[in-house]
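Please walk through this structure with attention to its charged pairs, its helices and its aromatic rings.

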Amino acid sequence: MFNLEKSDLTLLIAVAVLTLFAPFILNPFPADSAMAQFNAGYPDLMQRFVIFGIFAIGFNILFGLTGYLSFGHAAFLGVGSYAAVWMFKLLSMNVIPAIILSVIVAGLFSLLIGFISLRRSGIYFSILTLAFAQMMFALAYSVLTPITGGETGLQLALDDPRIFGQSQTPEGNIPVPGLFGLEMRDSFDLAIGSWVFTFNIGYYFCALVLIASFYLAIRIFRSPFGMMLRAVKSNQQRMNYTGLNTRPYTLAAFVISGMYAGLAGGLMASMDPLAGAERMQWTASGEVVLMTILGGAGTLIGPVLGAGFIKYFENIFSKINATILHEWFAFLPDGLEDFIVAILYPFIGKGWHLTLGILFMMVVIFLPGGLVEGGQRIAAWIKGRKAGKTTAGGKTEPAE
Amino acid sequence: MGILEVKNVGKRFGGLQALSDVNLSVKENSVHAIIGPNGAGKSTLLNCLVGKLIPDTGSVMFDGQSVLGRAPYEINQMGISRVFQTPEIFGDLTVMENMLIPCFAKRDGAFELNAIRSISEQKDVLEKAEQMLVEMNMADKRHMHAAAMSRGDKRRLEIGMCLSQEPRLLLLDEPTAGMARADTNNTIDLLKQISEERDITIAIIEHDMHVVFSLANRITVLAQGTPLVEDDPENIRGNPKVREAYLGESA
């Protein structure tokens, strides 16, 4: 089906099921229980999961396959957001043209920046992309204020000259982004017992885009083009002496990943129609690098897992505060309770970066292949135990 | 008129005249060896032929067309494949993928955005790579990472990758350097078989006299950046100038 190998089809179905049932999967705890704060099934966060998943899938096509580490990809996400908001301001509140323009604009920017940056490789390439991204951030933040809104960001206003559609709703409000009448912010709640599951139109729109993006990434990975990108990472000398021009291959990978970033930016603006320069800052570029490495660079599912992992930490771990810790350890004697809370406190709340940093270090040192390698090791271990039981201590398989 | 015509080629690196007035004519379907002591300019000459270096003077014509000023990939697409001293293969990729890449390069040219149709759908290229693997006697290793193979196997794979492009001229840079005797003999046999069975010209740079005299039917001796003599192997063996310059050390 879909012209995919069996294992890839399984992966695609797994991603589709996970994203489509996310409102259930991410809300395992009843709304009134103490564990409810670990629920991540609210629209805002779920949207961020899939949008950053798309961003990371695209980044992985460049970094995971060719090994070219860009430190400026947030810039393409940023221009995608600006393009989408301008489309809302000038054309219509429909998200489709906005997202199409985001992808095109990000593609053009990445073509220019990639063409220049790819004249160098390794650390010099990374620095060039970083420099470009910081330039674009600085421009967006100050010089280009008429276009970008500067410090306050680009927002919709009541007097936007929208060609298709109205400037204001009859009630005098700013209209909201939608898809042929479906408003992105609309949700509907399903209460089962003490569980509440929220289904949001914007989230499901993003989820469908993620599934399509993931499918496209599989096709690219399995195509001759994907193999050539891995060959770039492996041995450029051999490629040159095999009649292959490496420059257009790396540039194509750069532009494709830039367009994925633009798509993510456009979706972000479609969920919440504003765009700010901080989306282009180097910390945002660094975040997608972390996501890709944490999940497993060069693997298909890794970047999606990494994006989910980091966004979960950022939003859930950071909300635990000292009061909550005291509640958890209230059963301990007072002195011990205070002691444990004092030890754990730096790792929670605003200190979530510390926990994330430690986890990242552990993954890089012990699981260089990221979370995907962790999963593979666990699967191999379970398989090994099962095989051990059935053959009852039979001879071990020879290594290939 | 040979398939490769090198005329008056000179190359200077700072104060060192690496090549001066090199003339060389490689006949079609011959096995032409270029020998010479260390520092004779053999590798510099080879690099001038494949586009890695541009000579200061002279011309290099392949099949009537100049190769000067062209990038290595363009020269390769003209029909010159190069085997390196240390095997240059795609170590992170499987043996099969290593073979597929030159087959795609042959079919699609220097760049093709072939990004949607999967490899498994492109049967023509798959079959060709498969056939080449069988010919190189490494079909059982197809799923192996290329980096995990022995030196001799890597060399065989690299030669197979070059052959799958159906080049008209195969350039080899000391193909048996650092190999055990058995691997060296296997490589000699493989190259002999290639030159007999295929419509191909082979130019080989080599240190090992055993390899040179087992393979070559024409030899150019290079000394101090300039050709000393070009002749048939029997005459080279007896030439006193060659003995003095080179063979004297080992023969």
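Salt bridges, a helix and aromatic rings

B:Arg218 and B:Glu230 are joined by their side chains in a salt bridge, with 3.5 Å from N to O; the term stands for a side-chain nitrogen of Lys or Arg within 4 Å of a carboxyl oxygen of Asp or Glu. This pair links distant parts of the chain, with B:Arg218 in strand β9 (residues 218-223) of chain B and B:Glu230 in strand β10 (residues 226-231) of chain B, 12 residues apart. Helices (H or I, at least four residues) and strands (E, at least two) are DSSP runs, numbered from the N terminus. B:Arg218 has a relative accessible area of 26% and is partly exposed; B:Glu230, with 27%, is partly exposed. Here buried means under 20% relative accessible area, exposed over 50%, and partly exposed in between (1.4 Å probe, protein chains only).

The model is predicted: local features need pLDDT of at least 70 and side-chain atom pairs count only at pLDDT 80 or more, while totals for chains, interfaces and linings use all residues; side-chain values use heavy atoms, leaving out hydrogens and water. Residues are numbered from 1 along each chain as its sequence is written, and chains are lettered from A and ligands numbered from 1 in the order in which they are written.

Over all chains the count comes to 23 salt bridges. Another of them is formed by B:Asp63 and B:Arg168, whose closest N and O atoms are 2.5 Å apart. This pair links distant parts of the chain, 105 residues apart: B:Asp63 is in the loop between β4 (57-62) and β5 (65-66) of chain B, and B:Arg168 in the loop between α5 (151-164) and β7 (169-173) of chain B. B:Asp63 is partly exposed at 43% relative accessibility, and B:Arg168 is partly exposed at 29%.

In chain A, the side chains of A:Arg48 and A:Asp44 meet in a salt bridge at 2.4 Å, N to O. Both residues lie in helix α3 of chain A, four residues apart, which is about one turn of the helix.

Helix α1 (residues 6-20) of chain A has 15 residues and reaches 21 Å from its first C-alpha to its last, close to the 21 Å expected at 1.5 Å a residue, the expected span being 1.5 Å times one less than the number of residues. Its buried residues include A:Asp8, A:Leu9, A:Leu12, A:Val15, A:Ala16 and A:Thr19. They lie on the same side of α1(A), because they cover an arc of only 125° around the axis, the arc being that of the directions from the helix axis to the C-beta atoms. The exposed residues A:Lys6 and A:Ser7 are on the face turned away from the buried side of α1(A).

Over all chains, 17 aromatic pairs are found. Rings of Phe, Tyr and Trp (its six-membered ring) pair if their centres lie within 6.5 Å; planes under 30 degrees apart count as stacked, over 60 as edge-to-face and the rest as tilted. A:Phe125 and A:Phe254 form an edge-to-face pair, 6.0 Å centre to centre with 85° between the planes. A:Phe125 lies in helix α6 (residues 122-143) of chain A and A:Phe254 in helix α11 (residues 246-271) of chain A, so the pair ties together parts that are 129 residues apart in sequence. Both A:Phe125 and A:Phe254 are buried.
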